[in-house]
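Reader: I would like to go through the terms used for this model and see what each one rests on.

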Amino acid sequence: MNTDIITSVLVGLAILVGCLGIIVPILPGSILIAIAVLVWAIVIGGPMAWIVFAVVAVCVAAGMSSSLVLTGRKLKSMEVPNTSVLLGGVLAVIGFFVIPVLGLPIGFVAGLFLAEYARLKDTKTAWTSSWESIKAIGLGAGIEFILALLAAIAYGIGVFIHYFG
């Protein structure tokens, strides 16, 4: 096997991990996709590889920024502090190890709710705030995931062109 094939396979696996990382925040996400395709473009070389990298970089940047902007804007309008989301993230990581796979969303929801309850002192208001926050975060992650998939498709087309074009 030559370097091009090994690099292409490893980058494909890194893209898979990156896509999963958008859904499971313990893993690296979009940034891993961009770095992996950058390495591929350096190893493969040529205009086509750099065009693929540019398309991937645009998709990744658009996904990350739309996720941050949409989520951040919604959370700011609801006056949800970053500490509530941070506590949700910490409990998500703990939950992931306590209850494999399902512990991640359970821990996040529990952490976010507990932080909002401590802040608002009302169960119904805390749950409403938590649920709206979860929807905002889900929307941002969904858009970032779709753009990461577009980046993966661009990479797949680039690999196809490189080997068969």
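Author: The turns below set computed values against the cut-offs behind the terms. The model is predicted.

Reader: Why are H3 and H6 called roughly antiparallel?

Author: Helix H3 (residues 47–77) and helix H6 (residues 123–164) pack at an angle of about 175 degrees. Angles over 145 degrees count as roughly antiparallel, and H3 and H6 therefore receive that term. Their axes are 8 Å apart.

Reader: What makes up the contact of H3 with H6?

Author: The residues of that contact divide into 21 nonpolar, eight polar and three charged.

Reader: Why does Met64 count as partly exposed?

Author: Met64, in helix H3, has a relative accessibility of 29%. Buried means under 20% and exposed over 50%, so at 29% Met64 counts as partly exposed.

Reader: What does Met64 touch, not counting residues up to four places away in sequence?

Author: Met64 touches Ser30, Ile31 and Glu144. Ile31 is 33 residues from Met64 in sequence, and the two C-alpha atoms are 8.5 Å apart.

Reader: How many salt bridges are there?

Author: The count comes to three.

Reader: What makes the pair of Glu132 and Lys74 a salt bridge?

Author: The closest N and O atoms of Glu132 and Lys74 are 3.9 Å apart. A salt bridge needs a side-chain nitrogen of Lys or Arg within 4 Å of a carboxyl oxygen of Asp or Glu, and the pair is therefore counted as one. Glu132 lies in helix H6 and Lys74 in helix H3, so the pair ties together parts that are 58 residues apart in sequence.

Reader: Are Glu132 and Lys74 buried or partly exposed?

Author: Glu132 has a relative accessible area of 24% and is partly exposed. For Lys74 the value is 34%, and this residue is partly exposed too.

Reader: Which salt bridge does Lys135 form?

Author: Lys135 forms a salt bridge with Glu132, with the closest N and O atoms 3.1 Å apart. Both residues lie in helix H6, three residues apart, about one turn of the helix. Lys135 is partly exposed at 41%. Salt bridges that share partners join Lys74, Glu132 and Lys135 into one network.

Reader: How do you know that Arg119 and Glu116 meet in a salt bridge?

Author: The N to O distance between their side chains is 2.7 Å. The cut-off is 4 Å, so the pair is counted as a salt bridge. Arg119 and Glu116 both lie in helix H5 (residues 103–120), three residues apart, about one turn of the helix.

Reader: Why is Glu116 called buried, and what is the term for Arg119?

Author: Glu116 has a relative accessible area of 0%. Buried means under 20%, so Glu116 is buried. Arg119, with 33%, is partly exposed.

Reader: Is Ser133 buried or exposed?

Author: Ser133, in helix H6, has a relative accessible area of 0%. With the cut-off for buried at under 20%, Ser133 is therefore buried. Leaving aside neighbours within four places in sequence, Ser133 is in contact with Leu75, Met78, Val80 and Leu112.

Reader: Which backbone oxygen lies 2.8 Å from a polar atom of the side chain of Ser133?

Author: That oxygen belongs to Ser129.

Definitions and conventions. Residues numbered from 1 in each chain as written. Predicted model: local features only at pLDDT ≥ 70, side-chain atom pairs only at ≥ 80, totals over all residues. Heavy atoms only, no water. Axes fitted to C-alpha atoms, helices over the stretch in contact; angles between N-to-C directions. Helix = DSSP H or I, 4+ residues; strand = E, 2+ residues; numbered from the N terminus. Parallel < 35°, antiparallel > 145°, perpendicular 65-115°, else oblique. Nonpolar A, V, L, I, M, F, W, Y, C, P; charged D, E, K, R; others polar. Buried < 20%, exposed > 50% of the residue type's maximum accessible area, 1.4 Å probe, protein only. Contact = heavy atoms within 4.5 Å. Polar contact = N/O pair within 3.5 Å; in protein donor to acceptor, adjacent residues only side chain to side chain.
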